[in-house]
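Student: I would like to learn how to read a protein model. Could you take me through one, feature by feature?

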Amino acid sequence: MDRPVALAFLFPFLTLVPPPVHSRPGRFATETETHLHFYFHDTVSGSNPSAVQIARADSTGQSPTSFGVLLMADDPLTEGPDAGSTELGRAQGLYGSAGQKDFGLIMALSFRFTSGPYKGSSLSVMSLNPAMQTVRELAVVGGTGAFRMARGFAVAKTYFLDTKTGDAIVEYNVTVVH
């Protein structure tokens, strides 16, 4: 029995009407392309880290890529690479080692802007970050406030990496349409 017929038979009071299709200019008819530039400071060492380990697989210690480790981050986003540079916002969310053979971080972060013209707005990043590559591209999959309905990409480039501690400063150039 055909599914709609079966539904009509079981529930005769239901009227199956296809949803309306709209193609009209609305509040999202005009889009803006925005380019952002900032530095992401990820500190995993010391007495006040901005990213902390929250989970670890039993086999993580034997993995050359730290596969299975998961961290929670609240990293500063700054105008320049120096720690004392003007803070524009925070990168808040999770990242973890997702590759068994090649090092890659799966990142689910919200870039929340706390100052400047985008104060109160955020961008959502959900992407694999092949962090050992010099330059990599991450997907921007959404946003809030000024960036509502955003989509785009972030080009990340390591500015500084302390291989002993894992602390890093990453330069971001972000392009979004919203």
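Tutor: Gladly! The chain holds 1 helix and 9 strands, where helices (H or I, at least four residues) and strands (E, at least two) are DSSP runs numbered from the N terminus. Along the sequence the pattern reads α-β-β-β-β-β-β-β-β-β. This is a predicted model, in which local features need pLDDT of at least 70 and side-chain atom pairs count only at pLDDT 80 or more, while totals for chains, interfaces and linings use all residues. Residues are numbered from 1 along each chain as its sequence is written, and side-chain values use heavy atoms, with hydrogens and water left out.

Student: What share of the residues of the chain count as buried?

Tutor: Buried means under 20% relative accessible area, exposed over 50%, and partly exposed in between (1.4 Å probe, protein chains only). Of the 178 residues here, 35% count as buried. Strand E9 (residues 168-177) is mostly covered, with 8 of its 10 residues buried.

Student: Which strands pair with E9?

Tutor: Two strands pair if DSSP finds at least two bridges between them. Strand E1 (residues 33-42) pairs with E9 in the antiparallel sense over 10 bridges, and Ala168 in E9 is the bridge partner of Asp42. Strand E8 (residues 151-161) also runs antiparallel to E9, joined to it by 10 bridges; there, Phe153 stands opposite Thr175. E8 and E9 form a hairpin with 6 residues between them, and Gly166 in the turn has a positive phi of about 90 degrees.

Student: How many aromatic pairs are there?

Tutor: A pair of aromatic rings is described by the distance of the centres and the angle of the planes. Rings of Phe, Tyr and Trp (its six-membered ring) pair if their centres lie within 6.5 Å; planes under 30 degrees apart count as stacked, over 60 as edge-to-face and the rest as tilted. By this rule there are 8 aromatic pairs. Phe38 and Phe113 are edge-to-face, because their ring centres are 6.0 Å apart and their planes lie at 75 degrees. Phe38 lies in strand E1 and Phe113 in strand E5 (residues 105-113), so this pair ties together parts that are 75 residues apart in sequence. Both Phe38 and Phe113 are buried. Phe111 and Tyr172 form an edge-to-face pair too, at 5.4 Å centre to centre and 75 degrees between the planes. Ring pairs link Phe38, Phe40, Phe111, Phe113, Tyr118, Phe147 and Tyr172 into a cluster.

Student: Which residues have the most contacts inside the largest nonpolar core?

Tutor: A nonpolar core is a set of buried Ala, Val, Leu, Ile, Met, Phe, Trp, Tyr and Cys residues joined through side-chain atoms within 4.5 Å. The largest has 30 residues, and those with the most contacts inside it are Phe38, Phe40, Met107, Phe111, Leu123, Tyr172 and Val174.

Student: And how do I read a pocket?

Tutor: Rolling a probe the size of a water molecule over the atoms shows where empty space is left. On a 1 Å grid over the protein atoms alone, a pocket is an open set of points where a 1.4 Å probe fits, with protein on both sides within 12 Å along at least five of seven lines; lining residues have an atom within 4 Å of a point. The largest pocket here holds about 710 Å³ of space. Of its 33 lining residues, the closest to the centre are Asp42, Phe103, Leu105, Leu161 and Gly166.

Terms used:
Points joined across faces, edges and corners; volume = space filled by probe spheres on them.
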